[in-house]
Amino acid sequence: MTVTLADVAARARVSPATVSRVLNGNYPVAAATRERVLRAVDDLDYVLNGPASSLAAATSDLVGILVNDIADPFFGIMAGAAQTEIGGQEGTGRAGGEKLAVVCNTGGSPERELTYLTLLQRQRAAAVILTGGALEDPGHIAAMTTKLAKLADAGTRVVLCGRPPLPGSDAIVASLAFDNRGGGRRLTEHLLTLGHRKIGYVAGPLERTTTRHRLEGHLAALAAGLGDPASGKGRGKGSGEGRPGQEELVVHGPYSRRSGYEATLELLRRAPDLTAVVAANDTVALGACAAVRDQGLRIPEDVSVAGFDDLPFSVDATPALTTVRLPLYEAGARAGRLAMGTETPPPGGIATITAELMARASTAPPRPTR
């Protein structure tokens with residue numbers, strides 16, 4: 001049943017005219033009254049300008065792209081590629097079948113993520129693209145499942161780009177998931193093959209799918225360990241847990257250069273004989289490199305450093321950064337086409353995007369002593 005402006009007025013205990021004034025923003029309303037109206041709008045999931053049943057399933061020319069941090073190249077590359085596909089053919093100089101792409105910067109806040117989805121629902125967005133890892137919180141997952149179902153029911157096409165499928169949700173047109181586990185495993189296997197056994201890991205924020213999957217890949221490689229007993233092989237636990245003593249060589253923090261710097265100093269304090277550091281992404285790896293140098297150590301002669309994502313600056317770092325390449329532009333462009341309905345969704349609506357190891361000069365066999 002469609003929620004009307006009168007329903008909102010009744011919930012907020014004000015007149016319909018007051019609700020209209022609050023939503024249109026064209027007349028002064030007391031702060032307490034405004035807050036009561038907006039709370040009622042949220043509680044009832046009221047869609048602005050949507051009382052006519054004949055328009056209930058209509059969509060606008062708006063497409064929302066949700067990112068954690070637009071200043072992070074990881075998100076900027078995907079969002080830019082999606083926007084290019086959503087904007088249509090360049091150089092036409094006129095609005096035909098194109099849509100207006102709006103980038104919504106959540107700052108990693110689950111509350112902001114839900115708020116933006118509500119705002120896009122009220123605008124009857126034609127499509128929504130959610131990029132990057134998801135928060136692993138049962139309450140947030142349930143709220144997201146409900147919100148995306150309402151968007152889909154209203155005709156909005158929902159596409160996930162760079163995040164795993166949402167459990168129990170059939171509202172999503174397609175999920176383009178990066179193989180973060182496989183990439184994390186291949187990266188650490190590379191270091192093990194070079195001869196490293198004391199490997200520190202700078203992980204991302206807790207309760208993020210990207211963080212967990214990349215760390216699981218790293219720990220799985222250590223568990224296999226090329227038959228080396230020090231790897232923890234035969235420890236009798238699941239692949240999601242590290243070898244004895246390995247837990248102290250994992251430090252969590254934000255996906256930032258500062259986090260990489262501080263976490264690497266902590267790892268070197270815990271294990272002065274560390275020979276390699278794996279960073280959760282390339283930005284974190286830059287901080288790790290700076291920390292290693294500030295301790296008077298050389299890369300890779302004393303400590304090898306590796307990242308993840310293959311962001312544009314990684315090949316220009318000194319030395320060039322060993323990393324895992326994710327096809328960010330291609331994934332973003334594909335998400336844009338799926339959002340526009342110009343590409344057929346993958347079988348089952350799910351596609352896993354392969355991660356490729358890029359072995360460069362920042363990693364080398366460890367020296368016997370240092």
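Q: What does contact mean here, and with which residues is Thr-18 in contact, leaving aside its neighbours within four places in sequence?

A: Contact means heavy atoms within 4.5 Å. Apart from its neighbours within four places in sequence, Thr-18 is in contact with Val-29 and Thr-33. This is a predicted model, in which local features need pLDDT of at least 70 and side-chain atom pairs count only at pLDDT 80 or more, while totals for chains, interfaces and linings use all residues. Residues are numbered from 1 along each chain as its sequence is written, and side-chain values use heavy atoms, with hydrogens and water left out.

Q: Where does Thr-18 lie, and is Thr-18 buried or exposed?

A: Helices (H or I, at least four residues) and strands (E, at least two) are DSSP runs, numbered from the N terminus. Thr-18 lies in helix H2, residues 16-24. Buried means under 20% relative accessible area, exposed over 50%, and partly exposed in between (1.4 Å probe, protein chains only). With a relative accessible area of 16%, Thr-18 is buried.

Q: How many helices and strands does the protein chain have, and what share of its residues is buried?

A: The protein chain has eleven helices and twelve strands. Of its 370 residues, 49% are buried. Among contacts with a separation of 6 or more, 72% are between residues 24 or more positions apart.

Q: What surrounds Thr-209, leaving aside its neighbours within four places in sequence?

A: Thr-209 is found in helix H8, residues 209-224, and counts as buried at 6% relative accessibility. Leaving aside neighbours within four places in sequence, Thr-209 is in contact with Gly-133, Ala-134, Glu-136 and Pro-164. Thr-209 and Glu-136 are 73 residues apart in sequence, yet 6.4 Å apart in space, C-alpha to C-alpha.

Q: Which backbone atom lies 2.9 Å from a polar atom of the Thr-209 side chain?

A: A polar contact is a pair of N or O atoms within 3.5 Å; within protein, one must be able to donate a hydrogen and the other to accept it, and residues adjacent in sequence count only if both atoms are side-chain atoms. For the side chain of Thr-209, the atom at 2.9 Å is the backbone nitrogen of Ala-134.

Q: How many aromatic pairs are there?

A: Rings of Phe, Tyr and Trp (its six-membered ring) pair if their centres lie within 6.5 Å; planes under 30 degrees apart count as stacked, over 60 as edge-to-face and the rest as tilted. The count comes to two aromatic pairs. The rings of Phe-74 and Phe-75 have centres 5.0 Å apart and planes at 85°, so this pair is edge-to-face. Phe-74 also forms an edge-to-face pair with Phe-178, at 6.3 Å centre to centre and 70° between the planes.

Q: What does helix H5 pack against through its buried residues?

A: Helix H5 spans residues 110-122. Its buried residues include Tyr-116, Leu-117 and Leu-120. The buried residues of H5 pack against helix H3 (31-44), strand E1 (62-67), strand E2 (100-105), strand E3 (127-131) and helix H6 (138-153). Arg-124, which follows H5, has a positive phi near 50°.

Q: How does the reach of helix H10 compare with the expected span?

A: The expected span of a helix is 1.5 Å times one less than its number of residues. H10 (residues 282-294) has 13 residues and reaches 18 Å from its first C-alpha to its last, close to the 18 Å expected. Ten of its 13 residues are buried. At the start of H10, a side-chain oxygen of Asn-281 reaches to within 3.2 Å of the backbone nitrogen of Thr-283.

Q: How many disulfides does the count give?

A: A disulfide is a pair of cysteine sulfur atoms within 2.5 Å. By this rule the count is zero. Cys-104 is buried at 6% relative accessibility, and Cys-161 is buried with a relative accessible area of 1%.
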